[in-house]
Amino acid sequence: MQEIINIFVKSIFIDNMIFAFFLGMCSYLAVSKTVKTSMGLGIAVVFVLLITVPLNYIIDNYLLKEGALAWISPKFATIDLSYLSFIIFIAVIAAMVQLVEMFVEKTSPVLYAQLGIFLPLIAVNCAILGASLFMQERQYNNVGEVTAFALGSGIGWLLAIVGIAAIREKLRYSQIPTPLKGLGITFIITGLMAIAFMSFLGIKL
Amino acid sequence: MAGFNFKLIKNPLSKENPITVQVLGICSALAVTAKLQPAVVMAISVTVVVAFSNLIISYLRNTIPPRIRIIVQLVIVSLLVILVDQVLKAFVYDVSKQLSVFVGLIITNCIVMGRLEAFAMSNKPFDSFLDGIGNGLGYAVILITLGVVRELFGSGSLWGYQIIPDSFYEMGYQNNSLMIMPPMALILVGIIIWVHRARNKDLCEK
């Protein structure tokens, strides 16, 4: 249990998707103009991460890894399909995003109206594929740890995008040199926020 | 072949730079530039993937049904990325380890998808190929600038060779270790955008 909480806290603050790995920067810059829309996208990212990362973990462990096919027959124990992982992961993500979209549309029209426009964007958000690839690289022990990692990364991403959106709303009224307006100042402020998040590096879990 | 359209290569280098103007492919640009060598390898890989996926998609553009075009594009791009990944693992294993997940992330790199949607879906194969090369080079310019600045001031070396002489260190010179940390990459890109827009007034917002 303690291990799971550690992974959860670590993936929110220390290994933050945006500030430590720059994943999902494209949508982070494009959709962070107002707090409301960035909240919508953030929740959609948490949602999709929570579904795709554990699913990809299961696929990786029982189909792709070296020796993963041994549960079918001992003959397959030497097969290593891990070179297929990129294409399988992205296929799973694209398919899941489509499924989630249809499911949400049928079951909760209110949620669909809020998330709807963001869901298709998410299939090509690097944070989603990045989380699956990190999951493969870091070798977690079980599905519980992977779920904690997915939830933590999603919440970390949400925190970052809502934070920058709030700052950008205020920035509209401040005087900034013209060439720095918009994109330039957003980068510099993200850098400053990242320095603030670096202070969590000292925490030993 | 309808002539060699030189503009397709020249424009993305500055006026339509994929990173500073089109805001595509930021993720990998920031993460791999702490050292020069991975930055160059990454730039070459992205150029190859963009150019060839543009070429292939452009040949197929009239046969792909519009509703499933994203999936088709993703499949073609991931095939190319798998090829690049295997080549990197075979020939430059150390760099491939340093790049870790960012090779795989070329699949979702916005430059690739963005150019496919914006250019290759509506242009001839050869033009699309040139557009891919041009955008790859535009991406490379920013990556190499960042790589040089960050490695020179962060570790005092370039391509792994020491540049700043020992006598400087004896006089009390220190490497700025913030340069190799993530935040400085963001701030440097901000400064590059600032300089670039200050010199091209028509790119400023509002």
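Visitor: Why is A:Val35 called partly exposed?

Guide: This is a predicted model, in which local features need pLDDT of at least 70, side-chain atom pairs count only at pLDDT 80 or more, and totals for chains, interfaces and linings use all residues. Residues are numbered from 1 along each chain as its sequence is written, chains are lettered from A and ligands numbered from 1 in the order in which they are written, and side-chain values use heavy atoms, with hydrogens and water left out. Buried means under 20% relative accessible area, exposed means over 50%, and partly exposed is in between (1.4 Å probe, protein chains only). A:Val35 has a relative accessible area of 26%, so A:Val35 is partly exposed.

Visitor: Where is A:Val35, and which residues does A:Val35 touch?

Guide: A:Val35 belongs to helix H4 (residues 35-64) of chain A. Helices here are DSSP runs (H or I, at least four residues), numbered from the N terminus. Contact means heavy atoms within 4.5 Å. Not counting residues up to four places away in sequence, A:Val35 touches A:Val162, A:Ala165, A:Ala166 and A:Glu169. The C-alpha atoms of A:Val35 and A:Ala165 are separated by 5.1 Å, although these residues are 130 residues apart along the chain.

Visitor: How do you know that the span of helix H1 of chain A agrees with its 13 residues?

Guide: The expected span is 1.5 Å times one less than the number of residues. For helix H1 (residues 2-14) that should give 18 Å, and the end C-alpha atoms are 17 Å apart, which agrees.

Visitor: Which residues of H1(A) are buried, and what do they pack against?

Guide: The buried ones are A:Asn6, A:Ile7, A:Ser11, A:Ile12 and A:Ile14. They pack against helix H2 (17-21), helix H9 (143-171) and helix H10 (183-198) of chain A.

Visitor: What makes A:Lys10 and A:Asp15 a salt bridge?

Guide: A salt bridge is a side-chain nitrogen of Lys or Arg within 4 Å of a carboxyl oxygen of Asp or Glu. For A:Lys10 and A:Asp15 the N to O value is 3.6 Å, and the side chains meet in a salt bridge. A:Lys10 is partly exposed, at 38%, whereas A:Asp15 counts as buried, at 18%.

Visitor: What does A:Asp15 share with A:Arg138?

Guide: Their side chains also meet in a salt bridge, at 4.0 Å from N to O. A:Arg138 lies in helix H8 (residues 126-138) of chain A and A:Asp15 in the loop between H1 and H2, so the pair ties together parts that are 123 residues apart in sequence.

Visitor: Which salt bridge is found between B:Arg115 and B:Asp131?

Guide: Their side chains meet at 3.1 Å, N to O. B:Arg115 is in helix H7 (residues 110-118) of chain B and B:Asp131 in helix H8 of chain B, so parts 16 residues apart in sequence are tied together. Both B:Arg115 and B:Asp131 are buried.

Visitor: How many aromatic pairs are there over all chains, and why is the pair of A:Phe197 and A:Phe200 called edge-to-face?

Guide: Rings of Phe, Tyr and Trp (its six-membered ring) pair if their centres lie within 6.5 Å; planes under 30 degrees apart count as stacked, over 60 as edge-to-face and the rest as tilted. By this rule there are 9 pairs over all chains. The rings of A:Phe197 and A:Phe200 have centres 5.6 Å apart and planes at 65°, so the pair is edge-to-face.

Definitions and conventions: Helix = DSSP H or I, 4+ residues; strand = E, 2+ residues; numbered from the N terminus.
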